[in-house]
Amino acid sequence: MWAKDFADRHIGPRGGDIEQMLSTLGLGSLDELISKVIPADIRRDAPLNLPAALSEVEALDRLRTMADANKQFRNYLGMGYHGTITPGVILRNVLENPAWYTAYTPYQAEIAQGRLEALVVFEMMVQDLTGFEISNASLLDEGTAAAEAMTMAKRMVKKNKSETFFVAHDCHPQTISVVKTRAEALGWEVIVGDPSAFDFSAQQVFGALLQYPTTYGDIEDYRDFAAAAHDGGAVVIAATDLLALTLIEPPAAWGADIAIGSTQRFGVPMGFGGPHAAYLASSTKHARKMAGRIIGVSRDSDGKPALRMSLGTREQHIRRAKATSNVCTAQVLLAVIAAMYAVYHGPQGLRRIAETVRGRTAALAAGLKAAGFAVKQDVFFDTIVVHAEAKAHEVMTAAVERGINLRRLQGGDIAINFDETVTEQDVADVLACFGAEPVAVEVAELPQGVARTSDFMTHPVFHRYRSETDMLRYLYRLQSKDLSLTSAMIPLGSCTMKLNATSEMEPVTWPGFANMHPFAPADQVGGYHQLLDELAQWLSEITGFAQVSLQPNAGSQGEYAGLLVIRAFHEAQGNDHRNICIIPTSAHGTNPASAVMAGMKVVEVACDDQGNIDVDDLRAKAEKHADNLGALMVTYPSTHGVFEESIREICQIVHDNGGQVYMDGANLNAMVGLCTPGEIGADVCHLNLHKTFAIPHGGGGPGMGPIGVAAHLAPFLPGHPVVLGVGGEAAIGPISAGPWGSPSILPISWAYIAMLGTSGLERSTKQAILNANYIAKRLEGHFDVLYTGTHGFVAHECILDCRMFKDTAGIEVDDIAKRLMDYGFHGPTMSWPVSGTLMVEPTESESKAEIDRFCDAMIAIRNEIRAIEAGEADREDNVLRNAPHTAFNVTSGDWAHPYSRHQAAYPSEHQLIYKFWPSCSRVDNAWGDKNLTTVLPETF
């Protein structure tokens with residue numbers, strides 16, 4: 001069928017399919033369905049006011065014009081952002097490959113072994129370079145990693161009751177500000193000062209953050225500082241540069257307790273600030289105090305090594321208000337790129353790159369000195385500070401004329417940072433800005449005590465893949481172990497795994513978007529600002545809010561930013577005491593974790609038997625805490641997958657008692673074009689662009705979580721210390737390192753909205769709701785749908801009750817999810833928000849044929865359960881309890897099971913056409929936690 005517009009490409013079911021689906025539901029039209037799903041009093045009166053939909057060609061042309069409007073200067077600004085060269089084999093086969101970017105978070109380890117291996121490689125790379133025993137599998141950016149390390153430090157010092165944290169003045173400015181923002185909300189003091197002059201005996205602190213090398217390029221000897229900090233009971237955190245650590249002493253060697261930083265310069269484009277994979281490393285004894293995820297080695301039911309996400313109790317949906325962090329995502333796709341960059345280059349290659357960078361910097365310093373300029377550093381890696389004094393303005397002007405950005409400091413100083421893209425000609429061009437010329441230079445050895453003497457990256461994985469052929473095969477071998485949207489529907493509730501169209505993804509790697517430094521002057525990035533402004537305006541229209549901040553680079557960050565904005569509003573009104581946050585018991589665990597991080601106290605409100613907020617309980621608690629009520633956090637449609645009809649009343653109760661309403665936008669895919677958060681009564685709402693607006697999940701990140709706010713909250717939107725004009729006039733501090741979070745992936749959402757337009761967005765929402773209700777109806781009589789609305793329908797997702805099977809057949813919800821792998825599917829969301837259930841969300845992009853295939857699989861599994869219930873299948877040795885079945889399982893010589901190999905591996909006809917094989921048997925989670933290791937077996 002020829003598609004006349006992008007909506008026909010994006011939406012899965014065709015016209016005849018839609019009629020059949022509606023007929024199954026006993027309905028005559030999509031509008032009739034929507035009238036039964038969404039309460040009439042919250043429906044939009046008018047369509048969205050958005051530009052007419054563009055074709056894919058037109059949208060790409062518009063984006064190309066914006067990208068070309070960005071001036072691609074040579075950026076030597078540094079501050080944690082560097083030019084880098086992404087090897088072509090990694091660019092095409094990871095970053096631009098939907099098999100990598102459309103996968104989901106690796107909760108189902110048996111069909112995610114490739115991604116998990118890449119993440120363990122990432123952890124090993126970080127561990128080796130920093131000198132620590134354990135690393136997490138990535139965080140959002142360097143600034144937030146520093147903030148997470150600060151809170152981790154507080155948990156590490158039990159005897160030290162100080163609530164003061166020290167930050168070295170020569171850390172990156174955005175890092176300092178993000179740390180201050182986090183500390184202020186928690187009631188902690190931050191001292192920014194000179195580490196060489198700080199006296200731990202005169203001022204007790206619980207932790208200290210250092211930049212190594214500093215933002216100005218100095219490589220300091222911090223041994224005495226670390227010893228004094230430890231004597232004072234404080235934790236030392238080093239913000240480090242992994243490329244520098246190939247040449248200089250790792251922080252663990254000189255006494256740091258935690259290392260954090262960014263892996264951006266390992267092949268990940270600057271992208272105007274993100275997305276990039278940060279890291280946090282420490283000693284194994286602190287593993288349970290670390291933020292983020294840790295991927296570890298366990299074993300499967302065959303006794304073979306298998307990988308999994310370790311220490312599950314650290315997940316926020318379990319710990320809730322006691323969570324160590326609100327971070328529920330990572331930067332998996334970017335971490336994979338960084339890890340593969342290290343694999344491809346190996347330790348020798350990384351050292352060569354580092355030595356070249358240092359050599360170019362040394363050549364610059366020598367030329368400047370020969371021309372009579374003073375250079376601050378004698379020992380440096382990639383950054384120097386030049387005392388240009390009265391010539392500073394002349395130098396900066398000359399640099400701009402040559403298409404070069406340098407970092408102007410106070411007085412007459414100029415900082416210059418080099419990276420792997422710098423050539424000898426680039427060095428000459430920078431020298432020319434100073435009126436200097438290249439001179440012969442012999443690069444001095446780094447002095448003893450500074451130079452690295454220990455080996456790193458000795459594992460065979462860092463030595464096997466030097467040729468492009470070998471690297472290509474390694475990437476494809478990993479890719480083949482993972483189930484992504486390239487293989488099948490991923491029906492995860494609340495995760496909205498929809499089409500990530502090629503036309504949306506293509507601009508991400510265009511140089512005009514990918515190679516921009518986030519702190520480049522505003523007159524060089526006009527195309528980016530057009531993109532950001534238009535997207536923010538469209539999101540404001542969709543949500544009904546006055547303004548949108550694009551800074552939060554994850555949904556969890558959006559929650560946090562929204563609550564901080566509410567907190568700042570109350571403080572501006574003289575209501576500092578309004579710190580109570582009411583949260584339904586059904587809310588995602590990041591909600592209470594975010595509230596605690598924002599300095600609020602959580603009060604839970606009950607849900608009734610239908611899964612709705614208990615309005616009477618809400619009213620009672622709102623009135624009880626009226627003097628101190630700060631906010632309500634509510635997910636809408638509800639976490640239980642229905643549109644609560646009392647939502648306006650709920651918002652009014654909170655407002656009547658002095659609070660603000662924060663709406664979690666995780667389920668916005670059921671609302672776009674049909675109802676509007678700002679009109680319903682919300683004051684702030686975060687939007688998961690990696691759910692509703694087509695940014696891919698990337699195997700567990702990147703994500704974006706911008707917030708929309710009502711007019712009275714707009715003045716408090718987060719600002720930035722480096723880029724002026726970001727945020728409101730009374731802006732809170734930054735909550736992400738970059739001014740706009742992860743801008744390089746925003747063309748995806750821009751293109752999604754631009755190509756769908758008003759009509760396409762509305763059609764998508766209606767289709768998502770139809771697809772979910774069709775699944776619920778098709779599974780009727782096999783699985784009970786736990787919650788429905790007044791008219792018996794669900795929103796865009798449904799919860800299937802599987803709790804009774806434990807008693808009737810000894811089958812847990814986990815068994816069903818593992819058996820689905822044999823049918824070629826990723827399991828739905830398990831045991832959330834209700835234990836023992838499956839939450840299913842098909843999205844609008846899945847075709848009726850694929851939805852039917854999923855329903856057929858679920859019905860077949862239900863019949864397998866019935867066979868156990870009837871005594872026709874063994875209660876212990878059956879296809880569900882033993883799932884998933886690998887190729888090794890079904891081809892091994894011994895087969896003692898009472899069911900056939902064919903039933904195990906080919907349970908439906910579809911597997912005869914295409915079979916996705918799980919790459920390992922069921923993983924032993926408990927064993928992996930008891931024997932935590934983050935190093936691959938050498939023969940893995």
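Predicted model: local features only at pLDDT ≥ 70, side-chain atom pairs only at ≥ 80, totals over all residues.
Local features need pLDDT of at least 70, side-chain atom pairs count only at pLDDT 80 or more, and totals for chains, interfaces and linings use all residues. Numbering runs from 1 along each chain as its sequence is written, and side-chain values use heavy atoms, with hydrogens and water left out.

**Stop 1: the second largest pocket.** Select H529, V723, L724, V726 and W740, which lie nearest its centre among 41 lining residues. On a 1 Å grid over the protein atoms alone, a pocket is an open set with protein on both sides within 12 Å along at least five of seven lines, a cavity is a set of points where a 1.4 Å probe fits but cannot get out, and lining residues have an atom within 4 Å of a point. The pocket holds about 740 Å³, the space filled by probe spheres set on the points, which are joined across faces, edges and corners.

**Stop 2: the largest cavity.** Ten cavities have 30 Å³ or more. For the largest, pick G80, H82, H172, D241 and R265, the nearest to its centre of 21 lining residues. About 220 Å³ of space lies here.

**Stop 3: the second largest cavity.** This one has about 150 Å³ of space. Of its 15 lining residues, show L95, L334, V508, S744 and I745, the closest to its centre.

**Stop 4: out to L912.** Now colour L912, which is exposed at 57% relative accessible area (exposed is over 50%, with a 1.4 Å probe and protein chains only).

Note on methods:
Buried < 20%, exposed > 50% of the residue type's maximum accessible area, 1.4 Å probe, protein only.
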